[in-house]
Amino acid sequence: MDYIPAKTIVTKTKAPSKWFGIDYNMNIYKGCCHGCIYCDSRSDCYGVEHFDRVRAKEDALRIIRDDLRRKTRSGVVGTGAMSDPYNPFERELLLSRHALELCDAFGFGTAIATKSDLLVRDMDVLQSIARYSPVLLKITVTTADDHLAAKIEPGVSSPSQRLAMIGKLSRAGLYTGILLMPVLPFIEDNQENVGEIIRRAEDAGARFIYPAFGMTLRGNQRAWYYQKLEELFPGEGLAAAYGKKYGESYQCVSPRAKKLWEYFASQCEKRQIAYRMADIISQYKRPYRTQQMSLPFL
C-alpha cells in the first residue's frame with residue numbers, strides 16, 4: 001500500500017446538499033481496484049492518475065479526528081463518492097472502520113456507498129452511530145445477474161452477496177437500500193433486470209432504491225469503456241451503438257428510460273419502497289429530528 005499526503009479529509013459539501021442530505025464528504029482512499037468498466041471517477045476531470053491502484057491518505061485517522069473536532073456543527077459524513085471505502089486493503093487496514101468510530105465519538109452520522117459486502121463487518125459501529133445520529137447505507141446493484149456483474153464489475157462482491165448483506169443490515173435496524181446506477185444502455189436497461197432487482201430488494205428488506213437509467217461518459221473514461229465493451233462483448237457492436245446514439249454526449253440516458261421509470265415507480269409504490277430523493281432523506285433523518293426537537297423539554 002502506498003500512502004499519499006493530505007491536509008484535510010472531511011470537507012463540507014455545497015449547501016444545501018441535495019445528494020442524500022450529506023453534510024460532509026470523506027475520502028480516505030484514492031483510486032479503486034474494483035475494475036468497474038463504467039466508473040465515472042476514472043474521468044480526466046478528477047485528476048486521479050493510475051486510477052486502478054489504491055492509495056491511502058497518510059495519517060488519515062489523525063486528520064479525520066482533527067477535522068471532526070474542528071466542525072462547529074455535526075451532520076452526516078458521506079463516503080464512497082470517489083473511491084469505494086471498502087476496497088480489499090480495508091480488510092487489513094481498518095481505516096474506514098476506525099473513521100466510523102471517530103464519527104461515532106464526535107456525534108456525526110454517516111452515509112456510505114459501496115459495492116463490497118465487507119461493510120457488514122462494521123455493523124456494530126454503524127448500530128452505535130444510529131443510536132444518536134442518522135445512518136444511510138447505499139449498496140450499488142446495477143444487475144441481478146451474477147454472471148454479467150462478474151464481467152462489468154470484476155473486483156467486487158456479486159449482486160447475490162450484496163443483496164444478502166442488505167438483508168443482514170436491514171434486519172439489524174439500519175436504513176439500507178440500493179443505488180440502481182448506472183443502468184447501462186443496451187446491457188442492463190430492460191424491464192426484466194430492473195424488475196428482478198426490485199423483487200430481490202423487497203425480499204432483502206431494502207428501504208429504498210434510487211435509480212439512474214443511463215450513465216455518464218467523458219474523456220478517457222469513454223475510450224476505456226468502449227475498449228472494455230469490445231473485449232467483454234465481442235461481435236455485439238455495443239461500442240458502435242453507443243457512438244451512434246450518444247456521440248460525445250456526457251449524459252447517456254437509456255432510450256428506454258421513460259418506460260423503465262414508469263415501471264420502476266409503479267413497482268416501488270406497490271411494495272412501499274422509497275425511490276424519490278426527498279423521501280429517502282426524510283425517512284432516514286426523521287427519527288433524529290424528533291429527538292433534537294424534544295431535547296429542550298427533557
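## Helix 7 against helix 10

In this predicted model, helix 7 meets helix 10 through two sets of residues. Helix 7 supplies Gln191, Val194, Gly195, Ile198, Arg199 and Glu202. Helix 10 supplies Leu260, Tyr263, Phe264, Gln267 and Arg271.

Two packed helices are described by the angle between their axes and the distance between the axes. Here helix 7 spans residues 191-204 and helix 10 spans residues 257-271. The angle is about 20°, and the axes lie 10 Å apart. Angles under 35 degrees count as roughly parallel, so helix 7 and helix 10 are roughly parallel to each other. The crossing of helix 7 and helix 10 is right-handed.

## Lys115: a buried charge

Lys115 sits in the loop between strand 7 (109-114) and helix 4 (123-130). Lys115 is buried, yet it makes no salt bridge. Its nearest side chain of opposite charge is Glu153, 5.3 Å away. A salt bridge would need the charged atoms within 4 Å.

Beyond residues up to four places away in sequence, Lys115 touches Cys36, Tyr38, Asp84, Thr140, Glu153, Val156, Ser157 and Arg162.

## Val54: a buried loop residue

Val54 lies in the loop between strand 4 (29-30) and strand 5 (55-57). Its relative accessibility is 5%, so Val54 counts as buried.

Setting aside neighbours within four places in sequence, Val54 contacts Met1, Tyr29, Lys30, Gly31, Cys32, Cys33, Asn87 and Phe89. Val77 is 23 residues from Val54 in sequence. In space, the C-alpha atoms of Val54 and Val77 are 21 Å apart.

Terms used: Residues numbered from 1 in each chain as written. Predicted model: local features only at pLDDT ≥ 70, side-chain atom pairs only at ≥ 80, totals over all residues. Heavy atoms only, no water. Helix = DSSP H or I, 4+ residues; strand = E, 2+ residues; numbered from the N terminus. Buried < 20%, exposed > 50% of the residue type's maximum accessible area, 1.4 Å probe, protein only. Lys, Arg positive; Asp, Glu negative; His and termini not counted. Contact = heavy atoms within 4.5 Å. Axes fitted to C-alpha atoms, helices over the stretch in contact; angles between N-to-C directions. Parallel < 35°, antiparallel > 145°, perpendicular 65-115°, else oblique. Left-handed = near helix turned anticlockwise from the far one by under 90°.
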